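Thanks for coming, everyone. Please have a look at the model on the screen before I start.

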Amino acid sequence: MVRQTISRLEQASALDAVSDRLQGAVQSAIKPRRLRDLLHGTWLGHPLHPVLVQLPVGAFMSAAVLDALPGQDRAATTLIAVGTAGAAPAIAAGLVDWSSLSRDQRRVGLIHAAANTVALGLYAGSLVARLSGRRGLGKLLGYAGLSLAGGGAYLGGHLSYEQGAQMNHGSSEMLRLPEDWAEVGEVAALPEGKPTVRTIGDVRVLLYRLGDEVTAMVERCGHQGGPLGEGDVEGTGESACVVCPWHGSTFRLKDGLVVHGPAAGDQPTLRTRVRDGVLSVATP
């Protein structure tokens with residue numbers, strides 16, 4: 001029953017009108033690239049949203065435990081206040097990540113966000129009730145908020161683990177590459193200072209040659225699997241970067257370092273070896 005409901009939600013095109021408008025609003029509101037990179041977690045090497053949600057989730061869960069114990073009203077009220085205040089940065093990071101997802105992912109993400117928004121409203125009401133002396137109502141609203149937040153968390157888990165949102169899609173490509181050295185071809189055949197794509201087995205690899213040195217990375221963008229080989233190149237030499245044509249994630253060709261989001265992690269790279277003018281690659 002649950003799986004069928006989630007499947008229908010993924011296909012609920014009726015949500016697209018709201019989703020598209022909200023996506024445009026988020027992208028218009030958060031235009032500075034540094035701010036987007038900050039919220040995506042590019043500087044951290046890991047999506048920021050799941051890190052930030054630990055504060056409100058931890059506070060709300062702890063408050064629920066204290067509400068079940070006698071004489072802990074003041075401590076529980078403090079935790080509700082901390083969790084409610086700490087939700088703001090988590091919401092901002094979540095919205096920025098959500099705005100760069102595919103349409104079916106955004107459908108699930110929209111309901112995930114709606115459930116958590118209602119839960120946050122219930123917690124805010126709980127805080128007001130507690131501060132005004134209506135502790136029973138405050139506890140009731142708190143438990144209702146926790147129930148809705150739990151449902152929202154389930155959808156968030158589905159979004160990440162089943163739909164692959166914010167996971168590194170390049171990592172799965174590494175598992176299909178040989179552990180031993182695989183010949184790619186003559187180094188002299190690779191263009192100087194310009195990325196090119198070669199296929200090893202059925203995995204596309206992006207190569208970048210500077211003199212006799214060649215670096216190699218998985219060509220499938222870690223963010224949402226976009227074709228990096230079709231992206232533009234910014235800069236030259238060791239500072240050259242490739243920009244994903246789908247969502248703009250930017251990686252340094254020299255070592256796969258993520259420079260700009262929405263990708264949060266580095267692009268997976270391969271070992272390279274040149275012998276007698278022939279390039280070979282292998283997994284790390």
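I will go through salt bridges, a helix pair, a surface patch and some backbone details.

First, the ground rules. This is a predicted model, so local features need pLDDT of at least 70, side-chain atom pairs count only at pLDDT 80 or more, and totals for chains, interfaces and linings use all residues. Residues are numbered from 1 along each chain as its sequence is written, and side-chain values use heavy atoms, with hydrogens and water left out.

Salt bridges, then. The structure holds 14 of them. The criterion is a side-chain nitrogen of Lys or Arg within 4 Å of a carboxyl oxygen of Asp or Glu.

Take Asp16 and Arg103. Their closest N and O atoms are 3.9 Å apart. This pair links distant parts of the chain: Asp16 is in helix H2, residues 16-29, and Arg103 is in helix H7, 87 residues apart. A word on helices and strands: they are DSSP runs (H or I, at least four residues, for helices; E, at least two, for strands), numbered from the N terminus.

Is Asp16 buried or exposed? Asp16 is buried, because its relative accessible area is 8%. Arg103 comes out as partly exposed, at 39%. The cut-offs: buried is under 20% relative accessible area, exposed is over 50%, and partly exposed is in between, with a 1.4 Å probe and protein chains only.

The pair also belongs to a network. Asp16, Asp20, Arg103, Arg106 and Arg107 are linked in it by salt bridges.

Next, Arg130 and Asp67. Here the closest N and O atoms are 2.6 Å apart. Again, distant parts of the chain are linked: Arg130 in helix H7, Asp67 in helix H5 (residues 54-67), 63 residues apart. Both Arg130 and Asp67 are buried.

One more bridge: Arg176 with Glu173, closest N and O atoms 2.5 Å apart. Arg176 is partly exposed, at 41% relative accessible area. Glu173 is buried, at 9%.

Now the helix pair. H7 runs over residues 103-131 and H8 over residues 135-162; they pack at an angle of about 165°, axes 8 Å apart. So H7 is roughly antiparallel to H8. That label needs an angle over 145 degrees; under 35 is roughly parallel, 65 to 115 roughly perpendicular, and the rest oblique. Axes are lines fitted to C-alpha atoms, for helices over the stretch in contact, and angles run from 0 to 180 degrees between N-to-C directions.

Which residues make the nonpolar surface patch of about 450 Å²? They are Leu35, Leu38, Trp43, Leu44 and Val51. Patch residues have over 30% relative accessible area and no salt bridge; nonpolar side chains (Val, Leu, Ile, Met, Phe, Trp, Tyr) are joined within 5 Å, like charges within 9 Å. Areas come from the Shrake-Rupley method with a 1.4 Å probe, and for residues only the protein chains shown count as cover. Val51 sits in helix H4, residues 49-52. Val51 counts as partly exposed, because its relative accessibility is 40%.

Last, the backbone. Most residues other than glycine have a negative phi, and most peptide bonds are trans. The bond from Gly261 to Pro262 is cis, with omega near 20°. Pro262 lies in the loop between strand E8 (258-260) and strand E9 (269-275).

Gln166 has a positive phi of about 65°. Gln166 is in the loop between H8 and helix H9 (169-174). Asp276 also has a positive phi, near 55°. Its loop runs between E9 and strand E10 (278-282). Asp276 counts as exposed, because its relative accessibility is 81%.
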